[in-house]
Amino acid sequence: MCYSFYEEVLRRERECDFGWEVKMAACMKLGSKADVFLLDGQTWLCSTGLPSDVIIEVGDMSFRLHKFPLLSRSGMLEKLLAETYPEDGKTTIQLNDIPGGAKIFLLVAKFCYGIRTELNALNVVRLRCAAEYLQMTEEYGEGNLIFQTEHFLDDVFASWYDSLRALESCEKVLAQAERLQVVSRCIDSLAAKACADPSLLNWPVSGEIAEIDTSVPVLWNGIPTVPKPRPVGDDWWYEDISLLNLPFYKRYIRAVELRGMWPQTLAGSLMFYAKKYLPVMGRQSATQNGHPSASSSTDCSPSDVQQRNLLEEIVKLLPQQKGVTPTKFLLRLLRTSMILDASMSCRENLEKWVGAQLDQAALEDLLIPNMGYSAETLYDIDCVQRILDNFMMLDKDVNDYASAAIRDEAHLLGGSHSLTPMTSVANLVDGYLAEVAPDVNLKLPKFQSLAAVIPDYARPLNDGIYRAIDVYLKAHPWLTESEREQICRLLNCQKLSLEASTHAAQNERLPLRVIVQVLFFEQLRLRTSIAGWFYISDNVDHSFNPTANLPLARNEHSGQLGAICDQIVVVDDMKERVFELEKECLNMKQELDKIVKNKTSWNLFLKKLGQRLTSRQTDQKPSKTLLPKSNQKASKIFMPKATAVAAVAAAATIAKTPPQIKLNGKLNQSN
């Protein structure tokens, strides 16, 4: 895999951030002689006053040196010089495979001559590999280059920034650094520092820092210095580690995971890394926010292949614990995987993770557009269906227990912790269905399949699914009557609110049978409310004691007794009207059963029913018009929609009327 994109990012950050040179504290001086090397074109000359007797060729560069300083330090050069015969008094040796190339060999040559050389975090790894290649062991001189570089590496590993730069320099000599375990040591050093408390240590860290006043310098032995910032938070290392290429970053994440770092911290680092190197994800965020993204405007964006490989690796590195990685980020990864055509296993893992914590998802993140040109629907309904199936599969045991033990919404609203996620998902699915319902290409079976996954007990109110069905019927006016009835089977009319019931009674898109069911259950609620009022009235009758509770004089309460008598008349009159309406409803049902078999008699029945309702309204006051109550078989009663609206309005009015207290004849006796 090519990592030219990451190398370009690193190069630009090096050019823009001059603070790195200041932050590298580790430095080691070798040798004491003055520099005698001169560059002449592509040739390095050693001006010691003696003619050179050996030519070392490294790539395009050549070095005119002397045998003795090289023989005394390098076992490999000693062997090569012994095997090579000189020509014209000079021996030519090619070292094209030396780690670090000509630049590092120049430092090696200066070390052999005892010239002042500086070791730092950027060159020590390559010098260590070159020393191993040239066999510069202690057998060829005390304090040889292998010993010096190993000793300096211990100082490098004590610093966060030096360890990071040393690891970065391993990219150019990766094979040799791996054999010498320099890469592993760098990663272990970084992992140990990231897992430790930075406030207890003495290295500088980046990331979010506390505000300090740099305008007032701190004097130390008369030298002005700037106080070091204090690290804040567990994410101080995110930005620094994001400079590593993908292979090193993977090994670092594995190392800190083995050291017991919190999964939330690991997930945060992976999110930071993905947002930095996945421009496609940045463009998605910019599209959702309505403004261009900075990451989408870069001129060194990686190819789709690089981004696809990076995404698949990040998915493998994500912590497996539920709820650790935000659902919003997982859905963005899933959408990006579809754009980049990631592997099927990658997308399946993301769908499973999203399904495991679907109750934490937001509706706008679940609206995943279809990517293929042959896609029928605007949004990927099949993907959401699979996510929902995964959620139901994981919560199967909880759902089975809940559906067997809890049958009504009272328990559901009572705060059962096992059902709270299911309720959240039910609301989410209902909202999703309402968003995708306007799509004219959305087929009825697909809509039903997605809505039917949610069990009935998970919807305390059916207002959400009713809205989705209404939007679907409005966007698909060509549905047949049987198809309309089929989709309305998803609706539980008993769980509609008063507002939804009123809207359903006036909804011309709903089948007539559904409207009748809505009206019937509203009547049933009304009758239950009235029965409750009567029950309270009877309890008051039995517990009323005029001699104990009304000790005042009779003439002082004559006005109150008159008002109570009026209330008794109102309640008794309401009872009589309810009984009359029930009787009327029974007669209408019997008449309906006689003529419903003949389709041609519907018009005659409608006229007859309209005349009866009209005469009923003229004979009685508007407040006495109540909707007939009967048993559950009355759900099949047919009535015009105008009458249905009036009935629902009357039911709402009576439901809001405070109960009238009926008093028995003891008051008359007290008079």
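**Figure 1. Q181 sits in the loop between α9 and α10.** In this predicted model, α9 covers residues 174–179 and α10 covers 182–195. Q181 lies in the loop that separates these two helices. Its phi is positive, about 60 degrees, although Q181 is not a glycine. Q181 has a relative accessible area of 52% and is therefore exposed.

**Figure 2. Q135 is a non-glycine residue with a positive phi.** The phi of Q135 is about 60 degrees. The residue belongs to the loop between α6 (124–133) and α7 (145–156). Q135 counts as partly exposed because its relative accessibility is 35%.

**Figure 3. S189 is a buried residue of helix α10.** S189 has its place in helix α10. Its relative accessibility is 8%, so S189 counts as buried. Which residues does S189 contact, leaving aside its neighbours within four places in sequence? They are F157 and S163.

**Figure 4. Five strands form an open sheet with mixed pairing.** The strand order is β2-β3-β5-β4-β6. The edges are taken by β2 (37–40) and β6 (91–94). Each edge strand has a single partner, so one side of each is left without a neighbour in the sheet. From one strand to the next, the twist averages 20 degrees. Within the sheet, β3 (residues 43–46) and β5 (residues 61–65) run parallel. Three bridges join them. T43 stands opposite S62 in β5.

**Figure 5. Helix α5 packs on the five-stranded sheet.** The helix spans residues 101–113. It touches β2, β3, β4 (54–58) and β5. The direction of α5 makes about 10 degrees with that of β5.

**Figure 6. V108 is buried in helix α5.** V108 lies in α5. Is V108 buried or exposed? With a relative accessible area of 2%, V108 is buried. Beyond its neighbours within four places in sequence, V108 is in contact with L127, A130, L134, M136 and L145. A130 is 22 residues from V108 in sequence. In space, the two residues are 7.9 Å apart, C-alpha to C-alpha.

**Figure 7. Side chains alternate along strand β1.** The strand covers residues 27–30. M28 and L30 point to one face and are buried. The partner shown here is β7 (residues 117–120), which runs antiparallel to β1. Four bridges join the two strands. L30 has T117 in β7 as its bridge partner.

**Figure 8. Helices α13 and α15 pack against each other, with axes within 11 Å.** Helix α13 covers residues 263–277, and α15 covers residues 304–317. Their axes cross at roughly 175 degrees. That angle makes α13 roughly antiparallel to α15, because angles over 145 degrees count as such. On the α13 side, the contact is made by L270, Y273, A274 and Y277. These residues meet Q307, L310, I314 and L317 in α15. How many residues of this contact are nonpolar, polar and charged? Seven are nonpolar, one is polar and none is charged.

**Figure 9. A362 lies in the loop between α17 and α18.** Helix α17 covers 344–356, and α18 covers 363–366. A362 has a relative accessibility of 25%, so it counts as partly exposed. L428 is 66 residues from A362 in sequence. The C-alpha atoms of A362 and L428 are 7.5 Å apart in space.

**Figure 10. The whole protein has 32 helices and nine strands.** The views above are drawn from a protein of 671 residues. Buried residues make up 45% of them. Among contacts with a separation of 6 or more, 75% join residues 24 or more positions apart. The protein exposes about 35300 Å². Carbon and sulfur atoms supply 54% of that area.

Key. Residues numbered from 1 in each chain as written. Predicted model: local features only at pLDDT ≥ 70, side-chain atom pairs only at ≥ 80, totals over all residues. Heavy atoms only, no water. Axes fitted to C-alpha atoms, helices over the stretch in contact; angles between N-to-C directions. Parallel < 35°, antiparallel > 145°, perpendicular 65-115°, else oblique. Contact = heavy atoms within 4.5 Å. Nonpolar A, V, L, I, M, F, W, Y, C, P; charged D, E, K, R; others polar. Buried < 20%, exposed > 50% of the residue type's maximum accessible area, 1.4 Å probe, protein only. Areas by Shrake-Rupley, 256 points an atom, 1.4 Å probe, with all protein chains shown as cover. Pairing = 2+ DSSP bridges.
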